[in-house]
Amino acid sequence: MKGGGILSAKGYIQVRAYTSYAQIPLEGVAISITDSNGDAIALRLTNRGGALDVPVEITVPDFSAGQRPDTDITPFGVVNLYARLKDYEAIEIENLQIFPDRTTTQNLEMIPLSELPDSYNKLEIFPTPPQNL
């Protein structure tokens with residue numbers, strides 16, 4: 001996991017998986033969370049409300065790790081998140097930033113494959129650019 005400091009704090013990830021602009025919750029979405037090396041951290045399914053039953057705990061650097069101006073340490077951890085449900089476009093979130101003592105909520109608007117053109121890739125990747133802290 002990126003961050004570069006002593007991984008001594010905890011941050012959390014929650015998801016909201018839904019379809020359409022009405023944000024209709026999707027149950028049974030497979031959520032995979034990996035570290036920056038691709039090693040699995042958690043595998044979960046969304047509940048009837050389109051969320052995880054319990055947010056996933058992630059070990060991250062302490063806030064103080066990035067407080068000095070002479071360091072390149074960031075005060076957050078970085079993970080990748082994958083969401084898949086049969087008959088829906090798959091979603092990949094790269095470099096999702098997780099801060100200590102906070103819950104990061106990732107919205108996942110999933111598009112039914114029936115609404116996509118035949119030539120569509122069926123996987124949407126959302127890279128998260130680093131923050132200038």
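Reader: How many bridges join strand 1 to strand 2?

Author: In this predicted model, strand 1 and strand 2 (residues 24-25) run antiparallel. Y18 stands opposite P25 in strand 2. The number of bridges that join strand 1 to strand 2 is two.

Reader: Which residue in the turn of the hairpin of strand 1 and strand 2 has a positive phi of about 70 degrees?

Author: The hairpin of strand 1 and strand 2 has four residues between the strands. Most residues other than glycine have a negative phi. The residue in this turn with a positive phi of about 70 degrees is S20.

Reader: Is Q23 buried, partly exposed or exposed?

Author: Q23 is found in the loop between strand 1 and strand 2. Although Q23 is not a glycine, its phi is positive, at about 55 degrees. Its relative accessible area is 37%, between the limits of 20% and 50%, so Q23 counts as partly exposed.

Reader: Why is strand 1 described as largely enclosed by the rest of the structure?

Author: Strand 1 covers residues 9-19, which makes 11 residues. A residue is buried if its relative accessible area is under 20%. Strand 1 is largely enclosed because the number of its residues that are buried is eight of the 11.

Reader: In which sense do strand 1 and strand 8 pair?

Author: Strand 1 is joined to strand 5 by five bridges, and these two run antiparallel; there, I13 stands opposite V56. I13 also has a bridge partner in strand 8, namely T104. Strand 1 and strand 8 pair over seven bridges, and the sense is parallel.

Reader: How many helices and strands are there in the chain?

Author: From the N terminus on, the elements run β-β-β-β-β-β-β-β-β. The count for the chain is therefore zero helices and nine strands.

Reader: How many residues of strand 6 are buried?

Author: Strand 6 spans residues 77-84 and is largely enclosed by the rest of the structure. N80 is found in this strand and counts as buried at 12% relative accessibility. Of the eight residues of strand 6, the number buried is seven.

Reader: How many bridges join strand 6 to strand 7?

Author: Strand 6 pairs with strand 3 (residues 30-34) in the antiparallel sense over five bridges, and S32 has Y82 as its bridge partner in strand 6. Strand 6 and strand 7 also run antiparallel, and L81 stands opposite I93 in strand 7. The number of bridges that join strand 6 to strand 7 is six.

Reader: Which residue takes a positive phi near 75 degrees in the hairpin of strand 6 and strand 7?

Author: This hairpin has five residues between the strands. The residue that takes a positive phi near 75 degrees is D87.

Reader: What does the side chain of N80 reach at 2.9 Å?

Author: Leaving aside neighbours within four places in sequence, N80 is in contact with residues including S32, I93 and N95. N95 lies in strand 7, is partly exposed at 27% relative accessibility, and has a positive phi near 60 degrees. At 2.9 Å, the side chain of N80 reaches the backbone nitrogen of N95.

Reader: Is the pair of F76 and F99 stacked, tilted or edge-to-face?

Author: The chain has one aromatic pair. The rings of F76 and F99 have their centres 5.2 Å apart and their planes at 50 degrees. Planes under 30 degrees apart count as stacked and those over 60 as edge-to-face, so the pair is tilted.

Reader: How many residues apart in sequence are the parts that the pair of F76 and F99 ties together?

Author: Both F76 and F99 are buried. F76 lies in the loop between strand 5 (56-60) and strand 6, and F99 in the loop between strand 7 (90-98) and strand 8 (103-109). The pair therefore ties together parts whose separation in sequence is 23 residues.

Reader: Over which residues does pLDDT stay under 50?

Author: The mean pLDDT of the chain is 86, and 84% of its residues reach 70 or more. Where pLDDT is low, the predicted coordinates should not be read in detail. The stretch where pLDDT stays under 50 is residues 1-5.

Note on methods:
Residues numbered from 1 in each chain as written. Predicted model: local features only at pLDDT ≥ 70, side-chain atom pairs only at ≥ 80, totals over all residues. Heavy atoms only, no water. Phe/Tyr/Trp six-rings, centres within 6.5 Å; stacked < 30°, edge-to-face > 60°. Buried < 20%, exposed > 50% of the residue type's maximum accessible area, 1.4 Å probe, protein only. Polar contact = N/O pair within 3.5 Å; in protein donor to acceptor, adjacent residues only side chain to side chain. Contact = heavy atoms within 4.5 Å. Pairing = 2+ DSSP bridges. pLDDT = per-residue confidence, 0-100.
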